[in-house]
Amino acid sequence: INTNLSQASTMDGFPRFSDSCKSLLKKHLSPDVYLACAGRVTPNGFTFDAAIQSGVDNQDSGVGLYAGDEESYTVFAPLFDKVIEDYHNGYKPWDTHVSDMDSSKLQGNPDPEGDFVLSTRIRVGRNIRGLGLSPGVSRAQRREVERIVVDALAKMDADLKGKYFSLSNMSEEDRKQLVADHFLFKKGDRFLQSAGANRDWPESRGIFHNDEKTFLVWVNEEDQMRIISMQKGSDAKQIFDRLSRGIDAIEQQVKAAGYEFAHNDHLGYIHSCPTNCGTGMRASVHVKLPNVGKHPNFKQWCEKLRLQPRGIHGEHSESEGGVYDISNKERLGKSEVQLVQTMIDGVKTLIAAEKALA
Ligand code: ADP
Ligand code: CIR
């Protein structure tokens, strides 16, 4: 397999973008970048066409590209580097990423009276080195991931102890309820569908959770693992602490099984979507902002606070009853502690604005 830059590329396959398309893929896929990448393929056989298919099919993508394996980030670096720099606030190809999971450093509560924040959730993604990322994983590798992760989760104890529910055995009613209650991923996401990440659905997918549904792990969705800590209210410190213990406990078991998390000093934890590299962390609140949310400057304010607004059922959904999902936008180049603090401080500012506008 030739992963060499010198392999001849032509513009014959250059994608068409609509005038209204605002994706980072369209913005950064110049003819030069295309010619540098189009003839390349990763050592695992993941092609450049596969990496950009989601953004070509879905012209309303915000980003529009996915990695099929850890090597995609280097083999297709002319495109991935530019998108990463743009999304993660100027992060450069020579920058290094540092992790910090010390929850005792977190300051303050965004809503101590409990009038605005309904619930808080912090998630990270993790993938296992050598087993493909969802757009490029083979069926056998996906089965191996489920086996490793389910074995690891069976060893959780105390408040992290729980049960694994395979999607293949789950009733449609139970599945829908878990999605509606904000615990489980959606089915048939068209962005992941085009990326090839939904092959063999629902095989090898599932969810683990403790009795209280405050510690959850999604298996083989967009990433091999999404590790989640959530609860009602706004005690980010407690949620972060539970998450941190959960990640450590899983990592220990993954190592005992002879594997390791895919990670490097530049990209932090490797994820299938370039928006998630680094910490893979999205710390969010569901918060009542009926006045701020409909203000014409809402999106600009969020951008300035380095926050991302989403709707009530997550990405690509709408707000209902003035409740928004507000989280940190960046995940790379800042530590986990810094990102959760960004969310806490920014949400405090938005709540102050909501009070002023009410
Ligand atoms: P991800 O967070 O993994 O990027 P989504 O944006 O699709 O993915 O969100 C996944 C689910 O988590 C959705 O059902 C969403 O409503 C829910 N969720 C996100 N933040 C919160 C929160 N603070 N409280 C309760 N549910 C939340
Ligand atoms: C898009 O470009 O809009 C989708 N591919 C999602 C991008 C970021 N979200 C994510 O990783 N969950």
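Contact, as used in these legends, means heavy atoms within 4.5 Å. The model is predicted, so local features need pLDDT of at least 70 and side-chain atom pairs count only at pLDDT 80 or more, while totals for chains, interfaces and linings use all residues. Residues are numbered from 1 along each chain as its sequence is written, chains are lettered from A and ligands numbered from 1 in the order in which they are written, and side-chain values use heavy atoms, with hydrogens and water left out.

View 1. Phe76 sits in the loop between helix H4 (72-75) and helix H5 (77-87); helices here are DSSP runs of H or I with at least four residues, strands are E runs of at least two, and both are numbered from the N terminus. With 0% relative accessibility, Phe76 counts as buried (under 20% relative accessible area, 1.4 Å probe, protein chains only). Skip the neighbours within four places in sequence, and Phe76 is in contact with Cys37, Arg40, Val41, Thr42, Phe46, Thr47, Phe48 and Ala51. Take Thr42 from that set: its C-alpha atom is 8.5 Å from that of Phe76, and the two residues are 34 apart along the chain.

**View 2. The surroundings of ligand 1.** There are 18 residues around ligand 1, and the closest are Ser119, Arg121, Arg123, Ser284 and Arg310; a residue belongs here if one of its heavy atoms lies within 4 Å. Oxygen atoms of ligand 1 pair up with a polar side-chain atom of His182 at 2.8 Å, with one of Arg282 at 2.9 Å, and with a backbone N or O atom of Ile312 at 2.9 Å. The protein buries 93% of the 560 Å² that ligand 1 exposes when taken alone (Shrake-Rupley method, 1.4 Å probe). Strand E1 (117-126), strand E5 (225-232) and strand E8 (282-288) are the elements giving two or more residues to this shell. By class, the shell has 4 nonpolar, 7 polar and 7 charged residues.

**View 3. Ligand 2 between two domains.** Both domain 1 (11-87) and domain 2 (103-357) give residues to the shell around ligand 2, so the ligand lies between them; the bounds come from an automatic or database domain assignment. Among the residues around ligand 2 are Ser61, Gly62, Phe191, Glu222 and His316. A nitrogen atom of the ligand is 2.7 Å from a side-chain N or O atom of Tyr66. An oxygen atom of ligand 2 is 2.8 Å from a polar backbone atom of Val63. The protein covers 93% of the 340 Å² of accessible area that ligand 2 has on its own.

Methods. A polar contact is a pair of N or O atoms within 3.5 Å; within protein, one must be able to donate a hydrogen and the other to accept it, and residues adjacent in sequence count only if both atoms are side-chain atoms. Buried means under 20% relative accessible area, exposed over 50%, partly exposed in between (1.4 Å probe, protein chains only). Ala, Val, Leu, Ile, Met, Phe, Trp, Tyr, Cys and Pro count as nonpolar, Asp, Glu, Lys and Arg as charged, and the others, Gly among them, as polar.
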